[in-house]
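Subject: Structure handover

Hi,

Here is the structure I promised to pass on. Please open it alongside this email; my notes follow.

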Amino acid sequence: MATERVLVPLSESITVRQTVSYAVRSRVDDATDTLVCHLVVAIPYDAEVPEGQRTIDDARQLLDRAERWVREDAGNADVEIETAVLGTDEYLFGPRDYADALAAYAEDHDLDCVVLDPEYSPGATAPILRPLERELTDVGLTYEEAPVERSARHERLVGTDSPGKLVALFGISLGFYLVLGDPFYWFDWVTGVAVAGIVSLTLSNVTFATSPTIRYSPVRTLRFGLYVPYLIFEIIKSNLQISLVILRPSMPIEPTLTRVNTKVRSGLPLLALANSITLTPGTLVVRANDQRLVVHTLIVDAREGLFDGALERAVRFVFYGREAAAVATPRERGDTEIIGGDEL
């Protein structure tokens, strides 16, 4: 009797039921075969983060449903089911993190293949299938995409169906405009409202992956208010470091390109981190791909500061809270790499 082992990562999607059905039925056609089906949910928070326990509970509920689906689809076939929640003791943010977690689980359980949901979106609002497939290829894990049918989704880039996004982006844009202008001049208010209206109508669905909530937005606004003075301090400190280097006759600069795999999710958190790094003299973000940043650093201190992850922890504090700021530095995680020097 042949035994086949398959890994099925799950997320709340419109095709998760069909994916489970395909993974089972395509492998139990032969009644002499035994199928060992591993159902896993990879979560983007660990149990130490406030959102973590709620996410874990949701993951277990999904696993319970998926286990029932497997038994329904298997019929009288011999099927063993294993379930697990991945990411409870680590931070999973980008496709690379998810691929590493799945590969480690597959190696531990001697699994043959991964069946991917075409709408797989763990902890995100959009599928990450394509970048995840690239990462799975890099780590040497065999996978196949479930050939399921799904209804077409017609989404508009611009829309008024998300008032929370519109209001939030309008307020941010207007506040930023007035900070750059004169909040006591009536003309700046008129032009600011016009500009903020255009920005919010055209870019609200791009800027925010989900609608800001009343529960979390005020707290994040307060944290951001604490973050701004810290960022200004870092900018001033970096200015002094760069000035001292320039004033020295030998001018000991060491331009390098570095790659850093950050522990912030894509979207607004990654945008905030990338812009903060660029605003700090001596560092410039050249490229952002998922959670990977390619950064040009001018001096050694700037590169070392980047590897120490102070700005990363500060941005995590703004978006995820104080507990989430207690994360290992990129250097400690092994998420840093010098990829070029003066020749680049």
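Start with helices α8 (residues 268-279) and α10 (residues 310-320). Their axes come within 10 Å and cross at roughly 145°. The crossing of α8 past α10 is right-handed. On the α8 side, the contact is made by Leu-268, Pro-269, Ala-272, Leu-273, Ser-276 and Ile-277. On the α10 side, Leu-311, Glu-312, Val-315, Phe-319 and Tyr-320 take part. By class, that gives 9 nonpolar, 1 polar and 1 charged residues.

Mean pLDDT for the protein chain is 81, and 84% of its residues reach 70 or more. One stretch needs care. Over residues 152-161, pLDDT stays under 50. The model has 16 contacts beyond four places in sequence for that stretch. Where pLDDT is low, the predicted coordinates should not be read in detail.

Now the sheet. Five strands form an open sheet, in the order β3-β2-β1-β4-β5, with parallel pairing. β3 (78-86) and β5 (143-145) are the edge strands, each pairing on one side only. Neighbouring strands are turned by 25° against each other on average, direction ignored.

Look at one pair within the sheet. β1 (residues 3-9) and β2 (residues 34-42) run parallel and pair over 7 bridges.

Last, helix α4 (residues 129-138). Which of its residues are buried? They are Leu-129, Pro-131, Leu-132, Glu-133, Glu-135 and Leu-136. Note that the list includes Glu-133 and Glu-135. What do the buried residues of α4 pack against? Their partners are α3, β4, β5 and β8 (292-297). So α4 meets two strands of the sheet, β4 and β5, as well as helix α3. After α4 comes Gly-140, with a positive phi near 80°.

Best wishes

Terms used. Residues are numbered from 1 along each chain as its sequence is written. This is a predicted model: local features need pLDDT of at least 70, side-chain atom pairs count only at pLDDT 80 or more; totals for chains, interfaces and linings use all residues. Side-chain values use heavy atoms; hydrogens and water are left out. Two strands pair if DSSP finds at least two bridges between them. Helices (H or I, at least four residues) and strands (E, at least two) are DSSP runs, numbered from the N terminus. Axes are lines fitted to C-alpha atoms, for helices over the stretch in contact, and angles run from 0 to 180 degrees between N-to-C directions. pLDDT is the predictor's confidence in each residue, from 0 to 100. Contact means heavy atoms within 4.5 Å. A crossing is left-handed if the near helix is turned anticlockwise from the far one by less than a right angle, and right-handed if clockwise. Ala, Val, Leu, Ile, Met, Phe, Trp, Tyr, Cys and Pro count as nonpolar, Asp, Glu, Lys and Arg as charged, and the others, Gly among them, as polar. Buried means under 20% relative accessible area, exposed over 50%, partly exposed in between (1.4 Å probe, protein chains only).
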